[in-house]
Amino acid sequence: MTKTLFYNATVINEGAVIFGYILTEGQLIKSVGEMDELSSPEALGKLVEEADEAIDCRGKWVIPGVIDTHVHFRDPGLTEKADMATESRAAVAGGVTSFIDMPNTRPATTSMEAVAAKMDRAAQVSVANYGFFLGATNDNIKELLDADYSKVAGVKLFLGSSTGNMLVDSESTLSQIFGKVPALIAVHAEDEEVIRAARERLKAESPDGSIAVERHPDVRPREACVRATAHAISLAENSGARLHVCHISTADELRLIADAKGRGVKVTAETCPQYLMFDRNDFLTLGARVKCNPAIKEPSDRIALLRELHRGVIDTIATDHAPHLLSQKEGDALTAASGMPMIQFSLAAMLDLMRNDPSCDDLTPADVVELMCHAPARIFGIERRGFIRPGYYADLVVLGAPGARLDDPETPWIPPRRITDDDAIGRCGWTPLAGRALADAPLLTMVSGSVAYRDGKFMESSSMPLRFTNHVQP
């Protein structure tokens, strides 16, 4: 089995920052320690000699691989936008070693048979580790109850309309899902009735029925999010189910979740880089590039989200990576596609916020690792991933300046480079972050013990299906 040594590294893991080393063997991490533990040059030399490759990481950070628990890789049925091959490459280029894909594909992933088909596809083409949600509908409760939740991340429930007609609006079905399903329930919380009323009101105000794209936050208003999140929390509180609220976009939802946690409700909360980096004013310059569901909201919401990143209300960061071709992003608030590609630059974007945004000036690198690596593994019970520990899978990321090389420990400081659409690796070929200067970039991404990405080049990967261990009994 191949052994790789990372040494002289700034290792960020489990709330600590150490000057240390990591030795991997085959798919697993064999040992982790501080450089001070190597009491002599001979001791380091012995480790170097033992390894098939020894990488000097002086001046670079090493973190666990990011786990993105909310992506739409569009495979099957929507592959003109993206597929598992293209988007998993974008993932590892961004330091994401594992992803969990959502069920609103064509056909929708609403049975274990459909999950198995996705697993087979991922095994053939994905360079990142992979997992999948099982989608809820108004009439597939038997599939949800009979599912193998060691192979499935949980149930994805849409309380607002979505690709694949997966809106669940039957109170009887909701009661059964929350009361009987022995797994985490991840919810897209937007109330369809509120959205419909807002849309019709705004259309009536327009002479031609169109609605400018910058009114998207009014088409899908905050009240839709607040009402649906309150409803989901009530269902979870009454049933004891484990609830995970996806892509929180409002300060009001933060207060609801904080109160629910205080009452002992089993609820966790996710937000996404787009809600931390943009507000509704950005529609004026970026247009539909920042159109997503839920909609990006007010500047005050963005600031509230930033301030809660490490205070126990927001548990995790995911991307809701949802690529569309730029031609599909043309139009107004009703016709332009909703969603944006985020996975390639999510880690760098979070580190940029940490470094530069005054609303989260107490955020640390260890907090970013907690939100993007540790917490996803704990919340979803992902087996032996998300941490740098002996016996865990070797999912690792070496971070340095964009343009630096892994094999040059003496690389001088390189100023942040503004990214462009040409840097985007995913099939859609653009990024909403074009024009931003980011100071961090993955120089190497190791997936399950094999180097999948290094110095801007893709290599052979040993990606694996994720396994889930902490689901509750019915």
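The legends below describe close-up views of a predicted model. Local features need pLDDT of at least 70 and side-chain atom pairs count only at pLDDT 80 or more, while totals for chains, interfaces and linings use all residues. Residues are numbered from 1 along each chain as its sequence is written, and side-chain values use heavy atoms, with hydrogens and water left out.

**View 1. The hairpin of β2 and β3.** Strand β2 (residues 16-25) runs antiparallel to strand β3 (residues 28-34), and 6 bridges join them. Strands (E, at least two residues) and helices (H or I, at least four) are DSSP runs numbered from the N terminus; two strands pair if DSSP finds at least two bridges between them. Gly20 stands opposite Glu34 of β3. The hairpin has 2 residues between its strands, and Gly26 in the turn has a positive phi of about 60°.

**View 2. The open sheet β6-β7-β8.** This sheet has 3 strands with parallel pairing. β6 (66-71) and β8 (129-132) are at the edges with a single partner strand each, so one side of each has no neighbour in the sheet. On average, neighbouring strands are turned by 20° against each other, direction ignored; the axes are lines fitted to C-alpha atoms, and angles between N-to-C directions run from 0 to 180 degrees.

**View 3. β6, α2 and β7.** β6 and β7 (residues 96-101) run parallel and are joined by 4 bridges. Val66 has Val96 in β7 as its bridge partner. Of the 6 residues in β6, 6 are buried, where buried means under 20% relative accessible area, exposed over 50% and partly exposed in between (1.4 Å probe, protein chains only). Asp68 stands opposite Phe99 in β7. From β6 the chain crosses through helix α2 (residues 84-93) to β7 in a right-handed β-α-β crossover, that is, the path from the first strand over the helix to the second runs clockwise with the strands pointing away from the viewer.

**View 4. The loop between β6 and α2.** Arg74 lies in this loop and has a positive phi near 70° although it is not a glycine. Arg74 counts as buried, at 6% relative accessibility. In the loop between β6 and α2 there is also Pro76, which a cis peptide bond joins to Asp75, with omega about 15°.

**View 5. The largest cavity.** The structure holds 2 cavities of 30 Å³ or more. On a 1 Å grid over the protein atoms alone, a cavity is a set of points where a 1.4 Å probe fits but cannot get out, and lining residues have an atom within 4 Å of a point. The largest cavity holds about 90 Å³ of space, a volume being the space filled by probe spheres set on the points. Its lining has 14 residues, with Pro341, Met342, Gln344, Ala424 and Trp430 nearest the centre. By class, 9 are nonpolar, 4 polar and 1 charged; Ala, Val, Leu, Ile, Met, Phe, Trp, Tyr, Cys and Pro count as nonpolar, Asp, Glu, Lys and Arg as charged, and the others, Gly among them, as polar.

**View 6. The second largest cavity.** This cavity has about 50 Å³ of space. Among the residues that line it are Ile12, Trp61, Leu347 and Met372. β5 (61-64), α13 (346-356) and α14 (365-379) are the elements that give two or more residues to the lining. The largest share, 5 residues, comes from α14. The lining has 11 nonpolar, no polar and no charged residues.

Terms used:
On a 1 Å grid over the protein atoms alone, a cavity is a set of points where a 1.4 Å probe fits but cannot get out, and a pocket is an open set with protein on both sides within 12 Å along at least five of seven lines; lining residues have an atom within 4 Å of a point.
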